Amino acid sequence: MAQKMMEGKIVVVTGSGGGIGRDMALALAAEGAKVVVNDIGTSTNGEGTDDGPAHKVVAEIKAAGGEAVANTDSVSESASAARIVECAVDSFGKIDGVVNNAGILRDRFFHKMSLDEWDAVIKVHLYGSYYMSRAAATHFKEQESGAFVHMTSTSGLIGNFGQANYSAAKLALTALSKSIALDMQKFNVRSNCIAPFAWSRMIGSIPTDTPEQQARVAKIQQMTPNKIAPLAVYLLSDAAKDVNAQVFAVRNNEIFLMSQPRPVRGIHRSEGWTPQSIAEHGMPALQSSFFELERSGDVFSWDPI
């Protein structure tokens, strides 16, 4: 019988008590990984705690013949994030992978967003991913191996209404991932991102007041969380040893390699630029390139999730 892709690997999946995280944890275990199922059991806006979800997923993994332990520490503080990583080492002897999936939402139009709504989302998505990655990095460096998978979002890559906090955190996370990849590639450590299209409680509050909105939600509901898991398992496995610093998206049965910021068009003026010459000559030339992209569907053509 062929060896499973994650045989002998130890992986932490944050926010894996439900939704996409749960499916990734189950898929990793099915491929032979020993999994730390981390979830504090909070609501989507970060309120309350419940040990139940993490323990329930662990029970599912064990019932299927896998190995897992539950952890209910928060990623949003450095010390508690470090305890999550130590849970893997204490339970299974090492750590080979981290999936930064934990998240909350505090959606609000930017001009109405409070400081608390900004801070809470940034703290979990961005700081939490940093704390987890930094705690694991020491182990990865010493053993000269390891892999990170960070869950970003098209809300960050493209933009979305009412999610300045979430979008900012998710785009910053892609930059963090790339920096980790550059800094740690000499230690055989990889860092990649996935932007998932999937129906979960994190997007369950999408309005359905009109027929158009109802049709949109019905379409999204077909994109189940288990569609995301195979790519995450692959990126954490040795089969992906040459895949680093990339951003992928998964939409139902499609996998996309996302572009990263690169110059689209450059213009040069030998005598230099003035504000007036930019307005008269520079910007019209650059705008023509933008309009071409817009017409081709390369800009704002995806429904952010």
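This is a short walk through one protein model, from the whole chain down to single residues.

First, the ground rules. The model is predicted, so local features need pLDDT of at least 70 and side-chain atom pairs count only at pLDDT 80 or more, while totals for chains, interfaces and linings use all residues. Residues are numbered from 1 along each chain as its sequence is written, and side-chain values use heavy atoms, with hydrogens and water left out.

Now the overall picture. The protein has 9 helices and 8 strands. Those are DSSP runs, numbered from the N terminus: H or I of at least four residues for helices, E of at least two for strands. There are 305 residues, and 45% of them count as buried. Buried means under 20% relative accessible area, exposed means over 50%, and partly exposed is in between, with a 1.4 Å probe and protein chains only. Take contacts with a separation of 6 or more: 69% of them join residues 24 or more positions apart. Contact means heavy atoms within 4.5 Å.

Next, the sheet. What is the order of the 8 strands? It is β3-β2-β1-β4-β5-β6-β7-β8, an open sheet with mixed pairing. Two strands pair if DSSP finds at least two bridges between them. At the edges sit β3 and β8, residues 254-257, each pairing on one side only. Neighbouring strands are turned by 20° against each other on average, direction ignored.

Two helices to point out here. Helix α2 packs on the sheet and touches β2 and β3; its direction makes about 175° with that of β3. Helix α3, residues 78-92, lies across β1, β2 and β3, at about 145° to β3. Axes are lines fitted to C-alpha atoms, for helices over the stretch in contact, and angles run from 0 to 180 degrees between N-to-C directions.

Stay with β7 for a moment. Of its 5 residues, 4 are buried. On one pairing, 5 bridges join β7 to β6, residues 189-197, and the two run parallel. On the other, β7 and β8 are antiparallel over 4 bridges. Val-250 stands opposite Ile-255 in β8. The β7-β8 hairpin has 2 residues between its strands, and Asn-252 in the turn has a positive phi of about 55°.

On to β3, residues 67-71, and Ala-68 within that strand. Is Ala-68 buried or exposed? Ala-68 is buried, because its relative accessible area is 4%. Beyond four places in sequence, Ala-68 touches Val-35, Val-37, Val-58, Ile-61, Lys-62 and Phe-92. Its C-alpha atom is 9.6 Å from that of Leu-26, 42 residues apart along the chain.

Now the cores. In soluble globular proteins, nonpolar side chains tend to be buried together. A nonpolar core here is a set of buried Ala, Val, Leu, Ile, Met, Phe, Trp, Tyr and Cys residues joined through side-chain atoms within 4.5 Å. The largest has 32 residues, and Leu-28, Val-35, Val-37 and Ile-194 touch the most other members. Elements that each supply at least two residues include α1 (19-30), β2 (34-38) and α8 (229-236). Helix α8 gives the largest share, 6 residues. Leu-28 has contacts with Met-6, Val-11, Val-13, Ala-33, Val-35, Val-233 and Leu-236, leaving aside neighbours within four places. A second, separate core has 31 residues, including Ala-88, Phe-92, Met-132 and Ala-137.

Last, the aromatics. How many aromatic pairs does a search of the whole structure find? It finds 3. Why does the pair of Tyr-127 and Tyr-131 count as edge-to-face? Because the ring planes are at 70°, with centres 5.9 Å apart. Rings of Phe, Tyr and Trp (its six-membered ring) pair if their centres lie within 6.5 Å; planes under 30 degrees apart are stacked, over 60 edge-to-face, and the rest tilted. Both tyrosines lie in helix α4, residues 115-143, 4 residues apart, about one turn. Tyr-127 is partly exposed at 39% relative accessible area, whereas Tyr-131 counts as buried at 15%. Ring pairs link Tyr-127, Tyr-130 and Tyr-131 into a cluster.
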